[in-house]
Amino acid sequence: MLPGVLAVSSQAELSSTRPRRLPVSSSTTPAALARFNTSDDGTARSVLHEVCASRAWGSKVLAQRPYATLDALFAASDAAMAELTAQDLAEAMAGHPPIGRPKPGDATSNREQSGMAGASDELKAEMLELNLAYQEKFGHVFLICASGRTGEQMRDALRNRIDNSPEQEREIVRVELGKINRIRLTRIAETAEGDAA
């Protein structure tokens, strides 16, 4: 278990769906994280859905509020990701566009895939071909934490992973989703009210 994780008193507390008033976090909790902690369940669930499209992941993370620190939020996210079924992972992947084709008008998608922005037409064509071959083999998009990676690095990763078994690829996808979730959760926890996410 990662340091900073909040203890949950019972399994019933994890599965409770009743609306509840959460205590205001301490003054050491980042303001945006404190707002997330005290927002109503519907609002918080919507915020989490923007991080990860898996409803199971969102429910598990939501159930453990409030979070005193970003590390505690990361620990809950990682634990929830580890418990996702193949169906939950498929739901999470459905929220991600193919590498090289970010969602039009989606700032998060464009930011995360910025390594492809300056890619040559040749590299973009190769990525499209590899993406299609990957999707045909595995039945879902090639998923990688693209932040900070060049187009060439993403292409090389795709080339290497296309020969994996579905079981190997599912576990790699789980790890990559966890990395993406941490980046997106950091933005939520550190974004001041009124700033762009």
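The legends below accompany close-up views of a predicted model.

View 1. Of its 197 residues, 40% are buried. When contacts between residues at least 6 apart in sequence are considered, 69% of them join residues at least 24 apart. The accessible surface of the chain amounts to about 10500 Å², and carbon and sulfur atoms account for 54% of that area.

**View 2. Helix α8 and its buried side.** Helix α8 runs through residues 121–138, and its 18 residues reach 25 Å from the first C-alpha to the last, which is close to the 26 Å expected at 1.5 Å a residue. Leu-123, Met-127, Leu-130, Asn-131, Tyr-134 and Phe-138 are the buried residues to look for here; because they cover an arc of only 110° around the axis, they lie on the same side of α8. In an α-helix, with 3.6 residues a turn, residues three or four places apart point the same way. The partners against which the buried residues of α8 pack are α9 (151–161) and α10 (166–190).

**View 3. The opposite face of α8 and the residue that follows the helix.** Turned away from the buried side of α8 is a face that carries the exposed residues Asp-121, Glu-122, Glu-129 and Glu-136. Just after the helix comes Gly-139, which takes a positive phi of about 80°.

**View 4. Helix α5 and the helices that cover its buried residues.** Helix α5 comprises 13 residues (70–82), which at 1.5 Å a residue should span 18 Å, and this agrees with the 18 Å that separates its end C-alpha atoms. Its buried residues are Leu-70, Ala-72, Leu-73, Phe-74, Ala-75, Ala-76, Ser-77, Ala-80 and Met-81. The cover over these buried residues includes α2 (31–38), α4 (55–63), α6 (86–93) and also α10, and α10 is likewise one of the helices against which the buried residues of α8 pack.

**View 5. Two buried cysteines, Cys-52 and Cys-145.** Cys-52 has a relative accessibility of 3% and therefore counts as buried, the cut-off for that term being under 20%. Cys-145, at 8% relative accessibility, counts as buried as well. A search of the whole structure for disulfides finds 0.

Notes:
Residues numbered from 1 in each chain as written. Predicted model: local features only at pLDDT ≥ 70, side-chain atom pairs only at ≥ 80, totals over all residues. Heavy atoms only, no water. Helix = DSSP H or I, 4+ residues; strand = E, 2+ residues; numbered from the N terminus. Expected span 1.5 Å × (residues − 1). Buried < 20%, exposed > 50% of the residue type's maximum accessible area, 1.4 Å probe, protein only. Arc of directions from axis to C-beta. Contact = heavy atoms within 4.5 Å. Disulfide = S-S within 2.5 Å. Areas by Shrake-Rupley, 256 points an atom, 1.4 Å probe, with all protein chains shown as cover.
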